[in-house]
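Hi,

Here is the structure I said I would pass on.

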Amino acid sequence: MFIDSHCHLNFPELSNKIDLIQDSMHINRVTHALVANVGKKSIDSLISLVSKHNNLLASIGTHPEYDVDEEFSIDEICSIASLNKKIVAIGETGLDYYKCKDYLELQRERFRIHIRAARILGFPLIVHTRSSAIDTIKILKEEKADEVGGVMHCFTESWDVAKEAIDLNFFISISGIVTFKNAFAVHELALKVPLDKLLIETDSPYLSPEPYRGKLNDPSNVIYVAKKISELRNIDIEEVGKHSTKNFFDLFKISP
Ligand SMILES: [Zn+2]
């Protein structure tokens with residue numbers, strides 16, 4: 001079996017066909033998916049979606065690309081998270097210096113708030129980092145994120161950065177980018193990340209893996225991520241499924 005550790009099933013292009021997607025997940029033996037929140041405006045609809053489906057889980061947080069009107073306070077995160085059993089993580093959070101160069105200080109301050117909320121709740125973090133690895137690692141250390149750990153999602157940084165994150169109690173999640181021909185850094189990661197530190201994800205509706213590149217992505221496609229990793233490591237795809245599934249349950253403290 002396989003688990004999609006990061007998707008955006010609540011986005012309208014996917015939530016409109018949730019039953020079809022659940023059927024495809026069933027066929028591909030994708031048993032669970034974690035729906036990552038990107039901000040305040042969508043948290044209610046996200047919670048209502050995951051509440052209707054046993055196999056869906058949620059996180060709470062504001063994506064680094066989003067503006068102040070999507071912001072939660074620490075108190076809001078803590079109260080919403082403690083009221084909803086389906087919320088198992090804080091995120092997605094982190095830093096993105098590639099896409100948004102305007103409000104870097106806001107991103108860093110928000111990232112710190114998310115880590116503080118995660119430590120209060122004892123929840124793991126879902127971290128997005130792009131063109132910002134040095135600051136991401138620095139803030140994780142300063143805010144003692146290793147106390148709660150988490151996952152570096154859709155990870156595309158170097159193996160050296162991955163090692164630093166692993167030392168801080170983080171898992172590394174590989175997305176459909178691993179199936180792209182020229183994604184050499186991600187190929188290297190897929191080979192080197194220890195199996196007990198590996199998660200897999202789609203980040204759907206984005207980043208469809210080969211052979212569906214360019215089409216709409218959904219959690220059932222996470223098997224193509226597992227397949228490519230198994231080919232690169234020269235192991236059975238079931239091994240990738242077994243380890244990444246166990247890691248998911250361990251990290252998000254879910255009983256299978
Ligand atoms: Zn995402």
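Contact, as I use it here, means heavy atoms within 4.5 Å. Helices (H or I, at least four residues) and strands (E, at least two) are DSSP runs, numbered from the N terminus. Bear in mind that this is a predicted model, in which local features need pLDDT of at least 70 and side-chain atom pairs count only at pLDDT 80 or more, while totals for chains, interfaces and linings use all residues. Residues are numbered from 1 along each chain as its sequence is written, and side-chain values use heavy atoms, with hydrogens and water left out.

Helix packing to begin with. On the α4 side, Ile74, Ile77, Cys78, Ala81 and Ser82 meet Ile113, His114, Arg116, Ala117, Ile120 and Leu121 of α5. By class that contact has 8 nonpolar, 2 polar and 1 charged residues (Ala, Val, Leu, Ile, Met, Phe, Trp, Tyr, Cys and Pro count as nonpolar, Asp, Glu, Lys and Arg as charged, and the others, Gly among them, as polar). The axes of α4 (residues 74–83) and α5 (residues 104–121) come within 9 Å and cross at roughly 40°. Axes here are lines fitted to C-alpha atoms, for helices over the stretch in contact, and angles run from 0 to 180 degrees between N-to-C directions. The two helices are therefore oblique to each other: angles under 35 degrees count as roughly parallel, over 145 as roughly antiparallel, 65 to 115 as roughly perpendicular and the rest as oblique.

α6 and α7 (residues 159–167) pack at an angle of about 10°, with axes 11 Å apart, so α6 and α7 are roughly parallel. Ala133, Ile137 and Lys141 of α6 make this contact with Val161, Glu164 and Ala165 of α7. Those residues divide into 4 nonpolar, no polar and 2 charged.

Now the metal. Which residues are the protein donors of the zinc ion? They are His6 (NE2), His8 (NE2), Glu92 (OE) and Asp203 (OD), lying 2.1 to 2.5 Å from the zinc ion. Donors are N, O and S atoms within 2.8 Å of the metal (3.2 Å for Na, K and Ca), and water is not among the atoms, so sites may look incomplete. Along the chain the spacing is H-x1-H-x83-E-x110-D.

Lys144, in the loop between α6 (133–142) and β6 (150–152), has a positive phi near 55°. Most residues other than glycine have a negative phi, and most peptide bonds are trans.

Lastly, Ile254 sits in the segment after α10 (237–251). Leaving aside neighbours within four places in sequence, Ile254 is in contact with Leu57, Phe248 and Phe249.

Cheers
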